[in-house]
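Student: I would like to learn how to read a ligand site and a metal site in a model. Can we work through one together?

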Amino acid sequence: MLEPFKSAVDFESGLLKEYDNKVERRLSNLEGIFNDAPSYAQLRAEEDGMVYEVFEKEVPANPGQLAHAVTVIYPGKVGAEYYMTKGHFHQKEPTAELYLGVKGQGGIIMQNKEGKTSYLEMKPGSLVYVAPYWAHRTINIGSEPFSFLAIYPADAGHDYGTIEKIGFPKLVVEQEGKPTIISNPRFKR
Ligand code: PAN
Ligand code: ZN
């Protein structure tokens, strides 16, 4: 049985202190995720840059446990589309998640299987309730790293395959210097 423990979110740096695991997602790990394939190929050929990192506390993936992790998305764009996470549904679909904005400026695109979409912006202190059944993808819409804390049932699991297949109905792109939501021409319902 797990004993109580603590770690710390550093609001100055936006980082999780005393994490157990780190997941790195570089451009090469995000093939097919961005809409503008030529810009993706060009950027990746120049340098396989880091897009985001996830700093996790280790918790058993059992019912009742709460996984928690800080994600840092670096500033950048592929064409006009901001750097973002892969995005996923939870494998156990009736599981919710809480996101707390820690540092920087971000956005979260969500979709459910009935075709509804939601876009919410996040800044330090924003608390987003990702409702059960909603896929979620976060985006850095600012010029510094965007970091947020996620807390979710440790047995929720990640279904990446559905998003790899269908994408999200909306894209967040920079137009005239501002984040703008447009329809995703590649979205497959
Ligand atoms: C988050 C995400 C994290 C990285 O901890 O897993 O931000 O995004 P992707 O998993 O889509 O690459 C979460 O939502 N966990 O459930
Ligand atoms: Zn999640």
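This is a predicted model: local features need pLDDT of at least 70, side-chain atom pairs count only at pLDDT 80 or more; totals for chains, interfaces and linings use all residues.

Student: Which residues are the closest to ligand 1?

Tutor: Of the 16 residues that surround ligand 1, the closest are Tyr-52, Thr-71, Glu-97, Tyr-99 and Tyr-160.

Student: What polar atoms of the protein lie by the oxygen atoms of ligand 1?

Tutor: Tyr-52 places a polar side-chain atom 2.5 Å from an oxygen atom of ligand 1. For Gly-87, a polar backbone atom is 2.9 Å from an oxygen atom of the ligand. An N or O atom in the side chain of His-136 is 3.3 Å from an oxygen atom of ligand 1. Of the 390 Å² of accessible area that ligand 1 has on its own, the protein covers 97%.

Student: Which protein residues are donors of the zinc ion (ligand 2)?

Tutor: They are His-88, His-90 and His-136, each through NE2, and Glu-97 through OE, at 2.1 to 2.3 Å from the zinc ion. Along the chain, the donors follow the spacing H-x1-H-x6-E-x38-H.

Student: What geometry does the site of the zinc ion (ligand 2) have?

Tutor: Six octahedral donors have ideal angles of 90 or 180 degrees. Here the zinc site is octahedral, with angles of 74 to 173° among its six donor atoms.

Student: Is Glu-97 buried or exposed?

Tutor: The cut-off for buried is under 20% relative accessible area. Glu-97 has 4%, so Glu-97 is buried. His-88 has 9%, so His-88 is buried.

Conventions
Residues are numbered from 1 along each chain as its sequence is written. Chains are lettered from A and ligands numbered from 1 in the order in which they are written. Side-chain values use heavy atoms; hydrogens and water are left out. Donors are N, O and S atoms within 2.8 Å of the metal (3.2 Å for Na, K and Ca); water is not among the atoms, so sites may look incomplete. Four donors count as tetrahedral if all angles lie between 85 and 135 degrees; four count as square planar and six as octahedral if opposite donors are over 155 degrees apart and all others between 65 and 115; anything else is irregular. Buried means under 20% relative accessible area, exposed over 50%, partly exposed in between (1.4 Å probe, protein chains only). A residue is near a molecule or strand if one of its heavy atoms lies within 4 Å of it. A polar contact is a pair of N or O atoms within 3.5 Å; within protein, one must be able to donate a hydrogen and the other to accept it, and residues adjacent in sequence count only if both atoms are side-chain atoms. Accessible areas come from the Shrake-Rupley method with a 1.4 Å probe; for residues, only the protein chains shown count as cover.
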